[in-house]
Amino acid sequence: MKVVLFCGGYGMRMRSSEASDVPKPMAMVGPRPLIWHVMRYYAHFGHTEFVLCLGYGAHHIKDFFLHYEETTSNDFVLRGGKPELLSTDIADWTISFVQTGIESPIGERLRRVRDHLDGDEMFLANYADVLTDAPLDNIVERFRNSDAGASMLVVPPQSSFHCVEMDEGGRIGAITPVSELPLWENGGYFVLRQDIFDHIPENGDLVADGCGELAKRGRLLAYPYRGFWKPTDTVKERYALDAAYTHGDRPWALWEREKVHA
């Protein structure tokens, strides 16, 4: 299945300075950017045809792949001054780089790459800035066996804040962490059918318009997941992932488990 990655936003909460024009998916986690980790996740499950919805800072993403160094994350033998790779990352990937506008909403970016999907009935989509170890094969199979037009991974709220219950006099009767409330939030991993395009207007949004309309029709499927899922909406969250990578704590890197058991 083809994988559409939305990687053209400004990423204001991740920018270290106003002068930086590096898009959020290019923030580094270990020796590779976020978008690489997301793509390796999909490739682990056999999905290696990618459509990148570019926008702000597109040249950073293009340059990364045009000058990709396989030796950074693969073992190799140096023979006669030339590296002989023992494994590769992206040799079997197909990547389409599509400029979808600087200001375009997510839904409009998806509309602008529709022709690159070659009419495939089903495809995958992702914000390119969230890491997880969710069982993608199970997610896809559950969706395939349904009549839904879209499926989204949903996760418990990630906020560290607390909600309070109080009476009219202002006395608090209970305090509950947001993460323990019976709520779910959009996890950013989608499986979609072509009819999603029937519900996204020009300059529309994927979730508010497309998924919202499917929800009204009873055709939006959720995949609840309580396992590993980490966003990178802030610099702090990205630093936490980078530190975890450095210490070998990277549950999203399912492809590394294959090497361990090989």
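Start by selecting Glu-49 and Lys-2, whose side chains form a salt bridge with N and O 3.7 Å apart (a salt bridge being a side-chain nitrogen of Lys or Arg within 4 Å of a carboxyl oxygen of Asp or Glu). Glu-49 sits in strand E4 (residues 49-54) and Lys-2 in strand E1 (residues 2-6), so the contact ties together parts 47 residues apart in sequence; strands are DSSP runs (E) of at least two residues and helices (H or I) of at least four, numbered from the N terminus. Lys-2 is buried at 7% relative accessibility, while Glu-49 is partly exposed at 37% (buried is under 20% relative accessible area, exposed over 50%, partly exposed in between, with a 1.4 Å probe and protein chains only).

You are looking at a predicted model, where local features need pLDDT of at least 70, side-chain atom pairs count only at pLDDT 80 or more, and totals for chains, interfaces and linings use all residues. Residues are numbered from 1 along each chain as its sequence is written, and side-chain values use heavy atoms, leaving out hydrogens and water.

Next, pick Glu-121 and Arg-193, another salt bridge, with the closest N and O atoms 3.2 Å apart. Glu-121 lies in the loop between helix H3 (106-112) and strand E8 (122-126), and Arg-193 in strand E13 (residues 185-193), 72 residues apart. Glu-121 is exposed at 52%, whereas Arg-193 is buried at 10%.

Now move to helix H6 and select Arg-238 and Asp-242, 4 residues apart, or about one helical turn. Their side chains meet in a salt bridge (3.7 Å, N to O). Arg-238 is buried at 15%; Asp-242 is partly exposed at 22%.

In total, the structure holds 18 salt bridges.
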